[in-house]
Amino acid sequence: MVGYTKKNYTSLLNNGTIAQDTSPEEVGGILAVSHLLGAGGAKKWRTTGGGADANGTTGNTYFQKGKFAVATLAPQVQAVQAG
């Protein structure tokens, strides 16, 4: 999973979907979209807002989940680990 995510991250940088200064929350959301739709599909989603998998799950749904994971859940994990 980590290797796949790294590959998508590199592809998203190369195709201009994200940049070095894209916020971590946005990157998390777009990486989630790329997991669902692929890096090319994430670029198209970013431009048009469209795209869904065979089950009807949309890029928007995955974007919100990825963004939430980075913005809300990750800090909670860090706080628990810190004690």
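Which residues does Leu 31 touch, not counting residues up to four places away in sequence? Leu 31 touches Thr 5, Asn 8, Tyr 9 and Leu 12, where contact means heavy atoms within 4.5 Å. This is a predicted model, in which local features need pLDDT of at least 70, side-chain atom pairs count only at pLDDT 80 or more, and totals for chains, interfaces and linings use all residues. Residues are numbered from 1 along each chain as its sequence is written, and side-chain values use heavy atoms, with hydrogens and water left out.

**Nonpolar core**

- The largest nonpolar core has 10 residues, among them Leu 12, Ile 18, Leu 31, Trp 45 and Phe 63.
- A nonpolar core is a set of buried Ala, Val, Leu, Ile, Met, Phe, Trp, Tyr and Cys residues joined through side-chain atoms within 4.5 Å.
- Buried means under 20% relative accessible area, exposed over 50%, and partly exposed in between (1.4 Å probe, protein chains only).

**Helix 2**

- Helices (H or I, at least four residues) and strands (E, at least two) are DSSP runs, numbered from the N terminus.
- Helix 2 has 25 residues, yet its end C-alpha atoms are only 22 Å apart, short of the 36 Å that a straight helix would reach at 1.5 Å a residue.
- The expected span of a helix is 1.5 Å times one less than its number of residues.
- A kink of about 120° in helix 2 is centred on Leu 37; the bend at a residue is the angle between axes fitted to the seven residues ending there and the seven starting there.
- Gly 49 follows helix 2 and has a positive phi, near 80°.

**Helix 3**

- Helix 3 (residues 59-82) has 24 residues and reaches 33 Å from its first C-alpha to its last, close to the expected 34 Å.
- Helix 3 has a kink of about 40°, centred on Ala 69.
- Gly 59, Phe 63 and Gly 66 are buried in helix 3, and the buried residues of this helix pack against helix 2.
- After helix 3 comes Gly 83, whose phi is positive, near 95°.

- Asn 8 lies in helix 1 (residues 2-14) and is buried, with a relative accessible area of 7%.
- Not counting residues up to four places away in sequence, Asn 8 touches Leu 31, Ser 34, His 35 and Ala 39.
- Gln 20 lies in the loop between helix 1 and helix 2 and is exposed, with a relative accessible area of 67%.
- Leaving aside neighbours within four places in sequence, Gln 20 is in contact with Tyr 9 and Leu 13.
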